[in-house]
Structures are given as structure tokens and as C-alpha cells.
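Reader: Hey, got a minute to go through the cavities and pockets in this one with me? Show me the model before we start.

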Amino acid sequence: MRQAGRILPGYRKLREHVKDFKELVKTPALACEATLEPVHLLDVDAAIIFSDILVVPEAMGLDYEMIESKGPMFEKTIQNQKDIDALRIGNTENWNYVLEALKLTRKELNEKVPLIGFAGSPWTIFAYMTEGKGSKTFSVAKRMLYSNPEIAHALLDKITQTTIQYLKDQVNAGAQIVQIFDSWGGILSPESYEEFSLPYIAKICDALNAMVPVIAFPKGAFFSAKKIAKLNCSVIGIDWTVDPSEARVLLPGKSLQGNLDPCVLYAEPSVIKSKTHKMLEEFGTQRYIANLGHGVYPDIPMDNVRHFIDSVKQYSVK
């Protein structure tokens with residue numbers, strides 16, 4: 001998961017020497033360093049580029065600030081067709097700093113582990129662009145879906161076009177896998193999810209799957225598993241609310257990724273090992289990527305994350 005670096009001391013030192021989070025993201029050498037630290041210190045089996053899903057709305061012309069301990073804040077939000085018309089389709093120049101970070105990181109990794117690129121799902125990006133910040137309900141974003149669906153689709157389409165180009169550029173810069181984070185998919189009803197989120201993820205998968213393997217992570221949206229199974233992607237990430245055996249039945253032919261509750265990592269090492277091995281037994285070892293069901297929380301001890309990783313590596317089939 002892409003937040004792995006923030007529990008590490010080296011990442012905290014990096015943050016002390018930059019003005020803010022965005023400066024870290026936009027400085028390729030520092031983004032490369034932040035990407036590599038989990039690989040070096042935790043011995044994970046892949047690197048995921050240090051960046052943020054909000055590269056996309058900023059590339060489209062909607063600037064944001066990352067407020068410490070509060071999250072992203074947009075001064076302007078998208079409210080109508082005029083606002084949508086003012087947005088551009090992002091291009092390479094708008095996210096060149098991410099591409100430079102990918103090139104540096106790929107070189108530094110020297111094929112030790114694969115390098116993963118990523119983007120937010122169109123619905124998740126839509127939620128921030130219309131709401132202006134994080135929310136418990138995203139009621140402003142959801143209001144547009146019900147009150148003006150045509151405008152909602154117009155914005156989602158523009159985000160999707162930008163995201164496809166962004167991910168293609170990431171692949172050309174060195175990303176060997178890409179992941180789509182549908183972080184807010186689970187706040188929609190099944191009907192809304194299958195109209196306003198899933199079709200746009202499908203467009204991205206269709207555009208990228210011939211280039212590299214694609215991982216789709218529809219957090220909280222397992223209610224649409226049968227439809228998700230039809231995505232043209234290699235891997236489905238699942239969160240900790242999903243039963244592995246049920247996922248195997250409803251997502252046939254897909255590799256699965258997940259799904260330990262990150263809060264397990266607050267426990268004693270013996271509990272972490274026990275819970276991890278139980279998870280591995282339930283998923284089986286074929287077509288499976290052991291991972292958390294969402295990102296690492298900032299106050300989880302680094303040693304506990306290492307216990308989790310070691311528990312996976314030490315596991316043997318009974």
C-alpha cells in the first residue's frame with residue numbers, strides 16, 4: 001500500500017526538510033528516496049512510487065493544498081458545467097515530476113523489485129473536486145450524482161481521459177504495474193457505483209491492460225463483486241471486510257490482493273503472525289498478493305510492520 005513510507009524514520013526526516021507534502025511529491029529525487037526506503041528497510045517485494053492521487057485534479061487546473069493533520073483542501077470546487085468546461089485534459093507536462101521520479105526510482109531499483117504506478121479512480125477524484133476536501137459522507141459530491149447526473153458524467157469522463165494519459169505516461173516512464181485506488185467507492189449504493197464509478201474504472205483498465213498488469217482496488221465496494229469481476233484487469237485488491245473464500249468464488253480468474261486489517265499491526269508480534277498466517281491459509285498461495293486491506297496508519301510501529309512482512313515470508317504451506 002502506498003502509505004508504507006510514512007511510518008519510517010527516514011521519511012519523517014525528509015518531511016522536516018521540505019516546506020510541505022507537495023514539495024516532497026514534486027521533487028523527483030526526494031520522491032525517489034521516499035519510494036525506496038520501504039524496500040530497503042522493510043524488504044517488501046515491490047515499490048510503489050511516492051506520489052498522491054491529487055496529481056490528476058491539479059493537472060486539470062484545480063489546485064489544492066495539503067493541510068497537515070487535516071488532508072487536502074481545494075480553494076475552488078467544481079459545481080457546474082462552466083466549471084467543467086474550464087478544466088483541461090491533463091498532459092505530460094503537468095505531471096512530469098512524477099515521471100522523473102519513476103525514471104530515477106526504476107534506475108535505482110535495478111530490477112530488484114517491480115515498480116508500481118498508481119492513480120485514484122475517477123469517482124474518488126470527482127469526490128474531492130466537488131467536495132473540496134475529505135468528508136465522512138461526501139454528500140456534496142453525491143448530490144451532483146442525483147441532482148445533475150449529466151454534469152456528473154461529463155466531469156467523470158474528463159477525469160478518466162486525464163487518468164488514462166497519466167497512467168500511460170507512468171508506464172512509459174518505468175512503472176511495471178499500475179493500481180487504481182477507488183478509495184471512496186464504498187460510500188455509493190450498488191446502483192450508483194455501477195453507474196458512476198465502475199464504468200470509468202473499466203475504461204482505464206481497457207486502456208492500460210495491454211501495456212502492464214492492472215490492479216483495481218474498489219475499497220468498500222464488494223457489494224458489486226460480480227460486476228467488478230468483469231473488469232479487464234489482472235488483480236483485484238480487497239479490504240478487510242471481505243471474506244477471502246467468498247472473494248475467490250465471486251472473483252474467478254483474478255489474482256487477489258489484501259486484506260489484513262491495518263489495526264492488527266497494533267497487536268503483539270505473536271498476534272500479528274497468527275492473524276497473518278490465518279489470512280494466508282484462507283487465500284491460498286496461488287494468484288495472491290499478501291497485503292494489508294488498506295494503508296498503514298502513521299502511528300503503527302515500524303517493527304510491527306516488519307513482523308507482518310516477515311510473517312508472510314516465513315509462511316509455509318501445511
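Author: A quick word on labels: helices are DSSP runs of H or I with at least four residues, numbered from the N terminus. Thr 276, for instance, sits in helix α14. And keep in mind that this is a predicted model.

Reader: Ok, is Thr 276 buried or exposed?

Author: Thr 276 counts as buried because its relative accessibility is 0%, and buried means under 20%.

Reader: What is Thr 276 in contact with, leaving aside neighbours within four places in sequence?

Author: Leu 260, Phe 308, Ser 311 and Val 312.

Reader: Which one gives the largest share?

Author: α14, with four residues.

Reader: And which residues line that second largest pocket?

Author: Trp 240, Val 242, Pro 244, Asn 259, Leu 260, Asp 261, Val 264, Lys 275, Lys 278, Met 279 and Glu 282. By type, that lining has six nonpolar residues, one polar and four charged.

Reader: Now cavities. How many of 30 Å³ or more turn up in the whole structure?

Author: The search finds one. The largest cavity has a volume of about 30 Å³.

Reader: What lines the largest cavity?

Author: Phe 217, Pro 218, Lys 219, Phe 222, Gly 237, Ile 238, Asp 239 and Val 242. That lining divides into five nonpolar, one polar and two charged residues.

How values were computed: Residues are numbered from 1 along each chain as its sequence is written. This is a predicted model: local features need pLDDT of at least 70, side-chain atom pairs count only at pLDDT 80 or more; totals for chains, interfaces and linings use all residues. Side-chain values use heavy atoms; hydrogens and water are left out. On a 1 Å grid over the protein atoms alone, a cavity is a set of points where a 1.4 Å probe fits but cannot get out, and a pocket is an open set with protein on both sides within 12 Å along at least five of seven lines; lining residues have an atom within 4 Å of a point. Grid points are joined across faces, edges and corners, and a volume is the space filled by probe spheres set on the points. Ala, Val, Leu, Ile, Met, Phe, Trp, Tyr, Cys and Pro count as nonpolar, Asp, Glu, Lys and Arg as charged, and the others, Gly among them, as polar. Helices (H or I, at least four residues) and strands (E, at least two) are DSSP runs, numbered from the N terminus. Buried means under 20% relative accessible area, exposed over 50%, partly exposed in between (1.4 Å probe, protein chains only). Contact means heavy atoms within 4.5 Å.
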